[in-house]
Amino acid sequence: MNLKSIYQEVILDHNRKPRNYGTLDNANHHAVGHNPLCGDRIDLALHMEEEHIDRIAFHGESCAICKASASMMTTAVKGKSRIEAETVIKEFREMVIGNLDLSGPHHLGRLAVFAGVRDLPTRVKCAILPWHTLQAALNSVASISTETADDSIQAATGHA
């Protein structure tokens with residue numbers, strides 16, 4: 001089985017059966033992410049216990065890549081410290097824009113399946129939106145858009 005078919009299989013599985021999908025009672029961090037170009041919208045809630053992500057959930061309307069990315073993201077960061085989560089956020093962003101060498105050390109694990117997104121420029125924002133939304137939630141920013149002037153996604157990808 002090649003990497004492309006593994007990627008497709010993972011995307012389809014997480015799109016059909018997203019993990020941590022739904023609302024979260026007693027969330028103490030929340031953000032809404034939106035990509036106005038394609039309509040993806042992610043509502044992310046998390047409950048931080050001290051500096052660790054104790055619980056996390058998401059819901060919204062999005063394409064399969066965005067939903068699968070959100071599903072795998074929530075699984076990957078649940079139980080992690082803020083610093084560990086921010087490291088994974090940074091590495092994921094770098095990977096999908098082609099700036100992370102996966103043969104070197106990284107903290108992505110199964111998330112590396114999204115490396116192929118870098119070859120699909122129109123889908124990079126779909127994969128990154130949940131991660132951008134998590135960064136916003138961790139920093140108590142209520143909402144973000146892939147099309148704002150201060151958007152780090154645009155800076156990283158060169159897409160406006």
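In the predicted model, the side chains of glutamate 147 and lysine 125 form a salt bridge, with an N to O distance of 2.7 Å. Glutamate 147 is placed in the loop between β4 (143-145) and α5 (152-157), and lysine 125 in helix α4 (residues 124-138), so the pair ties together parts that are 22 residues apart in sequence. The two partners fall into separate accessibility classes: glutamate 147 is partly exposed at 24% relative accessibility, whereas lysine 125 is buried, its relative accessible area being 8%.

Salt bridges that share partners also join Asp13, Lys17 and Arg19 into one network. Within this group, the side chains of arginine 19 and aspartate 13 meet in a salt bridge at 2.7 Å, N to O. Arginine 19 has a relative accessible area of 29% and is therefore partly exposed. A further salt bridge links aspartate 54 with arginine 55, where the closest N and O atoms are 3.5 Å apart. Both of these residues have intermediate accessibility: aspartate 54 is partly exposed at 37%, and arginine 55 is partly exposed at 29%. In total, 5 salt bridges are present in the structure.

The nonpolar interior was examined next. In soluble globular proteins, nonpolar side chains tend to be buried together. The largest nonpolar core of the model contains 45 residues, of which Leu44, Leu46, Phe92, Met95, Val96, Phe114 and Leu134 touch the most other members. At least two residues of this core are supplied by each of α1 (3-16), β2 (40-49), β3 (52-61), α2 (64-77), α3 (82-96) and α4. Helix α4 provides the largest share, 10 residues. Valine 96, one of the core members that touch the most others, is in contact with Phe114, Val117, Arg118, Val124 and Ile128 when its neighbours within four places in sequence are left aside.

The crossing of α4 by α2 is right-handed. On the α2 side the contact is made by Ile65, Cys66, Ser69, Ala70, Met73 and Val77, and on the α4 side by Cys126, Ala127, Leu129, Pro130, Trp131 and Leu134. Among the α4 residues in this contact is Leu134, which is also named with the core residues that touch the most other members.

For α3 and α4, the packing angle is about 160° and the axes are 10 Å apart. Helix α3 is thus roughly antiparallel to α4, since angles over 145 degrees fall in that class. The crossing of α4 by α3 is left-handed. The residues that meet in this pairing are Arg82, Ala85, Glu86, Val88, Ile89, Phe92, Arg93 and Val96 in α3, and Val124, Ala127, Ile128, Trp131, His132, Leu134, Gln135 and Leu138 in α4. Phe92 and Val96 of α3, together with Leu134 of α4, take part in this pairing and are also among the core residues that touch the most other members.

Glutamine 135 belongs to helix α4. Its relative accessibility is 19% and the cut-off for burial is under 20%, so glutamine 135 counts as buried. Apart from neighbours within four places in sequence, glutamine 135 is in contact with Glu86, Ile89 and Arg93. Glu86, Ile89 and Arg93 are included in the set of α3 residues that meet α4.

Backbone torsions were considered last. Most residues other than glycine have a negative phi, and most peptide bonds are trans. Asparagine 26 has a positive phi, near 60°. This asparagine is located in the loop between α1 and β1 (29-35), and with a relative accessible area of 62% asparagine 26 is exposed. Glutamate 50, likewise not a glycine, has a positive phi of about 60°. Glutamate 50 is found in the loop between β2 and β3 and is exposed, with a relative accessible area of 73%.

Key: Residues are numbered from 1 along each chain as its sequence is written. This is a predicted model: local features need pLDDT of at least 70, side-chain atom pairs count only at pLDDT 80 or more; totals for chains, interfaces and linings use all residues. Side-chain values use heavy atoms; hydrogens and water are left out. A salt bridge is a side-chain nitrogen of Lys or Arg within 4 Å of a carboxyl oxygen of Asp or Glu. Buried means under 20% relative accessible area, exposed over 50%, partly exposed in between (1.4 Å probe, protein chains only). Helices (H or I, at least four residues) and strands (E, at least two) are DSSP runs, numbered from the N terminus. A nonpolar core is a set of buried Ala, Val, Leu, Ile, Met, Phe, Trp, Tyr and Cys residues joined through side-chain atoms within 4.5 Å. Contact means heavy atoms within 4.5 Å. A crossing is left-handed if the near helix is turned anticlockwise from the far one by less than a right angle, and right-handed if clockwise. Axes are lines fitted to C-alpha atoms, for helices over the stretch in contact, and angles run from 0 to 180 degrees between N-to-C directions. Angles under 35 degrees count as roughly parallel, over 145 as roughly antiparallel, 65 to 115 as roughly perpendicular and the rest as oblique.
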